[in-house]
Amino acid sequence: MSGLDEVASTPLSDRSLSGVEGAPKRIAVVSSGLSQPSSTRLLADRLAEATVRALQGKGIQATVEVTELREIAKDVTNNLVTSFPSPGLEQAIERVTTADGLIAVTPIFTTSYSGLFKSFIDVLDPASLTDMPVLLGATGGSERHSLAIDYAMRPLFTYLHARPVPTGVFAASSDWGHGDGGPDAADAAHGLHERIERAGVELADAILQSKRDTTVRDPFALPNGFSPIGAYGAQ
Amino acid sequence: MSDASGMQFGIFTVSDVTEDPTTKTTISEAERIKNLIAIAVHAEEVGLDVFALGEHHNPPFVSSSPTTTLAFIAAKTQRLLLSTATTLITTNDPVKIAEDFAMLQHVADGRVDLMMGRGNTGPVYPWFGKDIRQGIELALENYALLHRLWTEEFVDWSGRFRTPLQGFQSTPRPLDGVAPFVWHGSIRSPEIAEQAAYYGDGFFANNIFWPKEHYQRLIGYYRQRFEHYGHGTAAQAIVGLGGQFFARKNSQDAVNEFRPYFDNAPVYGHGPTLEEFSAQTPLTVGSPQEVIDRYAGMREAYGDYQRQLFLVDHAGLPLKIVLEQLDILGGEIVPALRKEFAKNRPADVPAGPTHASQVAKALAGELPVPGGKQAKKDEVHTGAAFGVKK
């Protein structure tokens, strides 16, 4: 199976909490960058590290599982055509939908999330991200695209009843530093760092407050009031 | 039809009119309909047990009126069991289904059963004045009425989806007072598996478009609920499976010949490769022995079951090739599978249902009662006669 990459596993040497409260959290990262290496993946990793750090600060261990959509792009389109996922894609879907928190990062193409990113979302069961704490991230050539997080990505996740945290992190090329250096470049890089840290804290808090693990739906559960002869008891 | 394997083997068709990608020609509806009949007749000639026909109400499909077609095939055959894949329990009036299939039972001397389905085309609901959002509810309520029309002489009915009935008797009555056996087909809904279990009916998993594991869960659920309702053990639940193959003497010839049809097939073409799809679904393209090995393994995945139907005539495959596939199926694959399935099959696992076996059950008072025998004791429908005329 491709697309899985452990980027951080943070065992706590000194656990101040124990039991359910301190149980390790699983963070799923979805990155739909197309080039390799990609600035989208770079941002995704930074967001994951910040979230793990924030959780660690609260005494909570976390693991991170990254799904690079580039590596399962064909499986995603095959699923669109056949209506069922390949085994590899099914594993990716399982990782994402069963995580305690999701970091979703896409390049902004032509005013919105990339088509591959949306296609992956489209093959998920629409109920499978309900109540999921989500951190939204995006990359683009210029900061003029930054609001795409709020006018394109956020409504998508709100529609799915996920819970995106208030801070979305956009990284333009200039945020990674200017070629000519100088104080502007340092400010830009520092600004990105601050946004990442703030977003990581928000996602960590959302994960800790989430009751999602108690509301996961059994796909074989019959609806409330189900009757095999019809809900209205026709006779 | 009944041998030590207890299995019924046959074919099912969706009746698509699709361009042959190798010749870029498309046959007419008239030709396709005549071909369907030729395919069914040949299925009997090569020793298959079942021919099942789909119901669709939009091109490129031609089978909108299955009982008409099946009645004609009944007249052309002596032994073949005629079924559907599927009959739309959502958009058809259950009264008309009761009448059409009871009539077919009589003209076909009982060689009839049917499979309930909800259809695969969203717009079919509004075409018949129904709402797709109520698909499950329609399937549940309509079948509840259909079941009563076949098992009770006079029916008082008031439901949500059709005009009430007062003292209504559907006609003709089922042959020998025994309703046709019913399968419920579903590819994803536990509600339908539950419904099949509640009635002690059969459950059919199309088995073509999803990986095996998905159907394993659904069938496992149905078996468990069948036992829960007291119709028998989980192993005795009545299970049917779909499947798909293309065989030639030499494996590579099969792959080369089938690939253009696969690559352009309406349902999965232009997606995964033939190799990927074969690995992820029961599609088997190769030598007859490869097909035998793959399908002999199905009972390990799903438990001993009763009916195996194959899709052989879609995606623009010309009649000549389809008939050759039937020769291979009836001549080599099915005889070998019958032997395989007979091995170690527990004696208490029922054989595939026929009219004769249903009549015998009725006479013995062993036809399943909706909700199980316990439910019969608590029967609330006054005047309901879930048994049969003796």
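## Terms and model

The expected span of a helix is 1.5 Å times one less than its number of residues. Helices (H or I, at least four residues) and strands (E, at least two) are DSSP runs, numbered from the N terminus.

This is a predicted model, in which local features need pLDDT of at least 70, side-chain atom pairs count only at pLDDT 80 or more, and totals for chains, interfaces and linings use all residues. Residues are numbered from 1 along each chain as its sequence is written, while chains are lettered from A and ligands numbered from 1 in the order in which they are written.

## Helix H3 of chain B

Helix H3 of chain B (residues 94–107) has 14 residues. From first C-alpha to last, H3(B) reaches 20 Å, close to the 20 Å expected at 1.5 Å a residue. After H3(B) comes B:Asp109, with a positive phi near 55°.

A residue is buried if 20 or more other C-beta atoms, placed from the backbone, lie within 10 Å of its own, exposed if 12 or fewer, and partly exposed in between. The buried residues of H3(B) include B:Pro94, B:Ile97, B:Phe101 and B:Leu104. Helix H2 (66–76), strand E4 (87–88), strand E5 (113–117) and helix H5 (135–151) of chain B are what the buried residues of H3(B) pack against; two residues are in contact if their C-beta atoms, placed from the backbone, lie within 7 Å.

## Helices H10 and H12 of chain B

The axes of H10(B) (residues 288–296) and H12(B) (residues 319–342) come within 10 Å and cross at roughly 35°. Axes are lines fitted to C-alpha atoms, for helices over the stretch in contact, and angles run from 0 to 180 degrees between N-to-C directions.

On the H10(B) side, the contact residues include B:Val291 and B:Tyr295; on the H12(B) side, they include B:Ile333 and B:Leu337. By class, this contact has nine nonpolar, no polar and two charged residues. Ala, Val, Leu, Ile, Met, Phe, Trp, Tyr, Cys and Pro count as nonpolar, Asp, Glu, Lys and Arg as charged, and the others, Gly among them, as polar.

Chain A has six helices and eight strands. Of its 235 residues, 41% are buried.

The contact between the chains takes 17 residues from chain A and 23 residues from chain B. Helix H2 of chain A (residues 73–82) gives the largest share of the chain A side, three residues. That side has eleven nonpolar, six polar and no charged residues.
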